[in-house]
Amino acid sequence: MTDFMLRAEAVTKDYVVGRNLLGQPARVVQAVRNVSLSIAPGSTLALVGESGSGKSTLGRCIAGLVRPSSGSIHLAGHDVLRLSGAALMSFRRQVQTIFQDPYSSLNPRRSVGDAIMDGMVIHKLYGPQQRRDRMHALLERVGLQADHAQRFPHQFSGGQRQRIAIARALAVEPRFIVADEAVSALDVSVKAQVLDLLADLQAEHQLTYLFISHDLGVVRHFADRVAIMSAGELVEEGECDQIFEAPRHEYTRNLIAAVPRPDPGRRRLRAAPE
Amino acid sequence: MIAFLRNRTGGLSVPIALGFLTLVVLAAVFGPALGLLDPYQIDAANLLSSPTAQHWLGTDELGRDLLSRAVYGARVSLTVAAAAVLLAGLLGVTVGVGVAFLGRRAEAAAIRVVDVFVSLPEIFVALVVLAFIGGNLPTLVATIGILYAPQFARVTWGVARGIRAREHVLAASSLGAGNGWIIWHEVLPNMRSIIAVQASFTFSFAMLLEAGLSFLGLGVRPPVPSWGQMVGSLKDYLFTNPWPVLVPALALFFTVLAVNVLGDWLQDVLNPELQQ
Amino acid sequence: MTRDAEVLLSVKNLAVSFDTRQGTVAAVKGVDLTVRHGEVVCLVGESGSGKSVTGFSLMGLVDPPGRVTADELRFDGRDLLRASEREMDALRGKAISMVFQEPMTALNPGRTVGSQIAEVIRIHERTGREQAWKRAVDLLQRVGIREPAQRAKAYPHELSGGMRQRVMIAIACALTPQLIIADEPTTALDVTVQAQVLELLFSLQAETGAAVLFITHDLGVVAEIADRVVVMQGGRVVEEGGVRQIFEQPRQAYTQALLAAVPDVDAPRDRARRLSPPSSPGTEGTPQ
């Protein structure tokens, strides 16, 4: 039995939709239903699903941003459902999230350098000069320039903003990163660069990733293990190549079959070209 | 630069308003140093006169020079309004943002309470308060300021709620930031334009409320001049000589108009930035 | 679909620029494009490539402060550059139609979907209200919406994303156009829904022999549907050719990099593989 980085058991998240006149819940939507997962340290688990599958909600429960209705989550040595005080601060250092929309996840009124240093300031890490040095080093590591620190988010493209978000996450030296559709909003070539960056960083810092995505091509390239979700439930889970080559569940099969292949020779929709 | 200052219909009302206000403020600030006639000096020989060589804007019912009274009145009116807006702003933003971070049930209750205060008619409350407590300047400023704080609170609460739901706020919490940090670094800086616009509108409301109260004799007490108070005392002589009452009335009118024009322009200029 | 088919749309040196407060922005800088009868041409590019603006300008949908110029813009023998607004109105929806990316904004949220389909029919043909409605219901059935008579009375927000896109396709195909311009029609859809919508669109295309100009950034979709591919970057055409040739023997560095950046879902996992060229990352330029 290996030492797991993440162990989630029977996680359920209900949302109340609409209340009747007496204020009692009228309808309950189960965004996540009884999902159990584990992730080994240093590896990448991709959480795959279409819209409404609950993958983002599960990701937020795991990151401690949303409270599940029931179940247990143990991550990086913390009981996520019982975090407070020092344990909460420690958790917030070790677990970081990179969000999908590069245009809303950065404070438009905060310079990029300040945003990256925020985590270090909040957790009282290092002295002022060291923070600056680390911030500049991080900017360069993610492919930007040190003198970009005084600039503001609107002066950067989407891909650059995601790099800034990655730098900010790394500043507090986390062990676990939830990438919530972190590359989905990026252009093809930029997506490729950011994925390569994430892969390099994982090796450099021994990071563990929960990679939430709907893009199966990217998932196959990037993940060690894959978990498929549909309508809040975990449909199938397993090693990457195995899931793609021999999916056991019909939903998975349909999902994989629906993905367009970048090869005209294997096209299925229209006749093959000459 | 001029293009930037054009209003929505392309007119030049903004630079004109800006110019006018600058003039008023400069006159108010440097007024006493301008070598004007003493605003309290009674010139019994020239009661209610139209402009003359000696009194450039004429005199009031006690023969006091209208130009200097208008300038000193500007000091009073502007200061009262500015101080009241400052108070309303500090109080309103604190309450508004604070309520937004109270937690769902407390927030719902608190905002209903704020709504009650918003619905109070300012002039009546002010009348009652000032009639009982008496009208010295600090009381006046405090009353007007507190009366406009609820509106400020409501507006800032709405905006703070919206900002609270943004992803960069969630990102800050996920970094370990507490509510204090979030309010100071993530929410307030993103509210600057809303606060500026709200302040400009509140300024004109405050000026008008002070003018109204002074007009009724409950605000600034004679012999200290304030535009509203001057209108109040000169209105009785409208048929003797209509000119004197026009001086403070028009001063008030144009100043409030200028502030409104600027407030509208500010909103147009700052809003697309918000939409970004 | 064959190389001998006649040219339907011929565009030479198309340029579109927008006058903004910060100066003139050239979105399209000299694009040549040809589409033959019944052919499926994919216009591929990333954001800022000018592909969508190109599509809009072909329909005459670029309004001031945008300016459209071209040496030639001919559709079915007609000169579109000199066409009046009335002539363009007669063409739009009938001979050339468009499918947009975001059905929630392209459809009128205040009208039932049936009435929107019927409206297109009645604008171009002298049909009675009842007749048009009946044809609308038939079209809804043809695009795979179940219980079409009932669904025709629904409002856009009552339908799912995939169904809304089917309605868009119904509107676009209502009058059997010769050219359908589709601007990222499946980008916002789940992959399974995308597959269904693409299947629908191209079965209609095969039936009617319409030509399709499909604008997308998704190379997988391009491989599935295109006869010819036109790759755009920075407002210009970087490379074009038959779909096989573009995927198997891309000539331009940009095309090659683009293809290398797309992971294939059938390819076994290779941890060492890099998706991007080793040159300096993070310098993808200033935002648009």
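Biologist: How many helices and strands does the secondary structure of chain B come to?

Modeller: The secondary structure of chain B comes to 11 helices and 0 strands; helices (H or I, at least four residues) and strands (E, at least two) are DSSP runs, numbered from the N terminus. Please note that this is a predicted model, in which local features need pLDDT of at least 70 and side-chain atom pairs count only at pLDDT 80 or more, while totals for chains, interfaces and linings use all residues. Residues are numbered from 1 along each chain as its sequence is written, and chains are lettered from A and ligands numbered from 1 in the order in which they are written.

Biologist: What does the C-alpha trace of chain B span along its principal axes?

Modeller: The trace of chain B spans about 75 × 50 × 30 Å. Of the 276 residues in chain B, 43% are buried. A residue is buried if 20 or more other C-beta atoms lie within 10 Å of its own, exposed if 12 or fewer, and partly exposed in between, with C-beta atoms placed from the backbone.

Biologist: Which residues are buried in helix 2 of chain B?

Modeller: Val14(B), Ala17(B) and Val24(B) are buried there. They cover an arc of only 95 degrees around the axis, which puts them on the same side of helix 2 of chain B; the arc is that of the directions from the helix axis to the C-beta atoms. On the other side of that helix, Gly19(B), Thr22(B), Leu23(B), Leu26(B) and Phe30(B) are exposed.

Biologist: What span should helix 2 of chain B have, and how far apart are its end C-alpha atoms?

Modeller: Helix 2 of chain B has 18 residues (13-30) and should span 26 Å at 1.5 Å a residue, which agrees with the 25 Å between its end C-alpha atoms. The expected span is 1.5 Å times one less than the number of residues.

Biologist: And helix 10 of chain B: why is it largely enclosed?

Modeller: Helix 10 (residues 227-234) of chain B is largely enclosed by the rest of the structure because 7 of its 8 residues are buried. Among them are Trp227(B), Met230(B) and Leu234(B).

Biologist: How do helix 3 and helix 6 of chain B cross?

Modeller: The axes of helix 3 (residues 66-100) and helix 6 (residues 137-164) of chain B come within 5 Å and cross at roughly 35 degrees. Axes are lines fitted to C-alpha atoms, for helices over the stretch in contact, and angles run from 0 to 180 degrees between N-to-C directions. The crossing of these two helices is right-handed; that is, the near helix is turned clockwise from the far one by less than a right angle. The residues of their contact divide into 23 nonpolar, 5 polar and 3 charged. Ala, Val, Leu, Ile, Met, Phe, Trp, Tyr, Cys and Pro count as nonpolar, Asp, Glu, Lys and Arg as charged, and the others, Gly among them, as polar.

Biologist: Now the interfaces. Which chains share the most contacts?

Modeller: Of the 2 pairs of chains in contact, chains A and C share the most contacts. Two residues are in contact if their C-beta atoms, placed from the backbone, lie within 7 Å. No contact joins chain B and chain C, whose closest C-alpha atoms lie 10 Å apart.

Biologist: How many residues does the contact take from chain A and from chain C?

Modeller: The contact takes 43 residues from chain A and 44 from chain C. Helix 6 of chain A gives the most to the side of chain A that touches chain C, with 9 residues. That side of chain A divides into 21 nonpolar, 11 polar and 11 charged residues.

Biologist: And how many residues from chain A and from chain B?

Modeller: That contact takes 21 residues from chain A and 16 residues from chain B. Helix 2 (85-94), strand 6 (95-98) and helix 3 (112-122) of chain A each supply at least two residues of the side of chain A that touches chain B.

Biologist: Turning to the backbone, what is the phi of Glu173(A)?

Modeller: Glu173(A) has a positive phi of about 55 degrees although it is not a glycine. Glu173(A) lies in the loop between helix 5 and strand 7 (176-180) of chain A. Ala231(A) also has a positive phi, of about 50 degrees, and is not a glycine.

Biologist: Is the peptide bond from Pro64(C) to Pro65(C) cis or trans?

Modeller: That bond is cis, with omega near 15 degrees. Pro65(C) is in the loop between helix 1 (51-58) and strand 4 (66-69) of chain C.
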